[in-house]
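Please read the following briefing alongside the sequence and the model, which are shown just below.

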Amino acid sequence: MIPYLWVKALHVACVLLFVGGLFSQAFAVAAAQRGDVGAAALVSVWDRRVTVPAMLVVWLTGAAIATEGRWFESPWLWAKLALVLALTGLHGVQSGRLRRLQRGDLLQMRMRLDHVVAFIATSVVLVALLVVLKPF
Amino acid sequence: MLQPTPSAATAEDLAQIRRLRLLSLVEATTLLVLLLVAVPLKHSLGYASATRIMGPVHGAAFIAYAWSVITAVSGGGWSRSEIARLCFGAFVPFGGFLNAGLLRRKQAEFAPGPTVSP
């Protein structure tokens, strides 16, 4: 049995990689729209090799930690899960956009870069507050 | 003259739809096991651990499927009715199996084939 603190450390490390991947995806989408398709290709490789496995480990270790600590009964965890679900969905949207931009498609973007970046940053801050303070 | 389509993005699209096909079947199977095995075991024989195990397993499969649908659909090439079928399939028993034909056809559409140059 892997000790609880090791699982927690792995979870935090993978969260950092996942969030970093989300930011780099957002900037690569913006760069590709301005014609820099090379950045999109580079970030797509990073996404496949690092961000997606990190996201998977985040979900698996998160579920293990929540089960071990019986946190599923706490409302703060469900609020956190909603934010993580939204970030996971954003990852899916951005990786689809990166593929389209690499194919040379012209995209009508409803989401602006600064909005996406603000959304990621705000979500991460809220997740940190919820996990550390456990307010409800 | 026959030319292959040398597109890395197309290969990625194809990998994405293969993943979606697999996750659709996994999601549908775990939903059936949860509803037809774990829930009856809990309520008729008192094996509460059956749902305690299968619940999170299906939850993980559902999230992976939902992420895969979003990733595939955001890559383009899907009609609204196809998207609706993919979403609907996640919530009803056998839905993933009913979508198998649609996903097989989409995979064939995405597969890079030889193109005839003018």
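What percentage of the contacts in chain A between residues at least 6 apart in sequence join residues at least 24 apart? With a contact taken as heavy atoms within 4.5 Å, the share in chain A is 78%. This is a predicted model, in which local features need pLDDT of at least 70 and side-chain atom pairs count only at pLDDT 80 or more, while totals for chains, interfaces and linings use all residues. Residues are numbered from 1 along each chain as its sequence is written, chains are lettered from A and ligands numbered from 1 in the order in which they are written, and side-chain values use heavy atoms, with hydrogens and water left out.

**Chain architecture**

- Chain A has four helices and zero strands, where helices (H or I, at least four residues) and strands (E, at least two) are DSSP runs numbered from the N terminus, and the order of its elements from that terminus is α-α-α-α.
- The C-alpha trace of chain A spans about 50 × 30 × 15 Å along its principal axes.
- Chain B holds five helices and two strands, which follow one another from the N terminus as β-α-α-α-α-α-β.
- In chain B, 75% of the contacts with a separation of 6 or more are between residues 24 or more positions apart.
- Taking buried as under 20% relative accessible area, exposed as over 50% and partly exposed as in between (1.4 Å probe, protein chains only), 38% of the 136 residues in chain A are buried, and for the 118 residues of chain B the buried share is 38%.

**Nonpolar cores**

- In soluble globular proteins, nonpolar side chains tend to be buried together.
- A nonpolar core is here a set of buried Ala, Val, Leu, Ile, Met, Phe, Trp, Tyr and Cys residues joined through side-chain atoms within 4.5 Å, and the largest one has 21 residues, of which A:Phe18, A:Leu22, A:Met55, A:Leu87, A:Val116 and A:Ile120 touch the most other members.
- The elements of chain A that give two or more residues to this core are helix H1 (4-33), helix H2 (37-68), H3 and helix H4 (113-133), and H3(A) gives the most, with six residues.
- Another core, of 13 residues, lies apart from this one and includes B:Leu14, B:Val69, B:Leu102 and B:Phe110.
- Once its neighbours within four places in sequence are left aside, A:Ile120 is in contact with A:Val19, A:Leu22, A:Phe23, A:Leu87 and A:Leu90.

**Cavity and pocket**

- On a 1 Å grid over the protein atoms alone, a cavity is a set of points where a 1.4 Å probe fits but cannot get out, and a pocket is an open set with protein on both sides within 12 Å along at least five of seven lines, while lining residues have an atom within 4 Å of a point.
- Grid points are joined across faces, edges and corners, and a volume is the space filled by probe spheres set on the points.
- The structure holds one cavity of 30 Å³ or more, and the largest cavity contains about 50 Å³ of space.
- The lining of the largest cavity consists of A:Arg99, B:Asp13, B:Gln16, B:Ile17, B:Ala72, B:Gly75, B:Gly76, B:Trp78 and B:Phe110, with the largest share, three residues, coming from helix H1 (residues 8-45) of chain B.
- Counting Ala, Val, Leu, Ile, Met, Phe, Trp, Tyr, Cys and Pro as nonpolar, Asp, Glu, Lys and Arg as charged, and the others, Gly among them, as polar, the lining of the largest cavity divides into four nonpolar, three polar and two charged residues.
- The second largest pocket has a volume of about 260 Å³, and of the 13 residues that line this pocket, A:Arg97, A:Arg100, A:Arg110, B:Val73 and B:Ser74 are the closest to its centre.
- Helix H3 (75-103) of chain A and helix H2 (48-74) of chain B are the elements that give two or more residues to the lining of the second largest pocket, and H3(A) gives the most, with three residues.
- The lining of the second largest pocket comprises six nonpolar, four polar and three charged residues.

**Backbone and cysteines**

- A:Arg70, which is not a glycine, has a positive phi of about 55°; A:Arg70 lies in the loop between H2 and H3 of chain A and is exposed, with a relative accessible area of 63%.
- B:Phe94 has a positive phi near 70°, sits in the loop between helix H3 (80-89) and helix H4 (95-98) of chain B, and is partly exposed at 46% relative accessible area.
- With a disulfide defined as a pair of cysteine sulfur atoms within 2.5 Å, the count over all chains is zero.
- A:Cys14 is buried, with a relative accessible area of 8%, whereas B:Cys87 is partly exposed at 38%.
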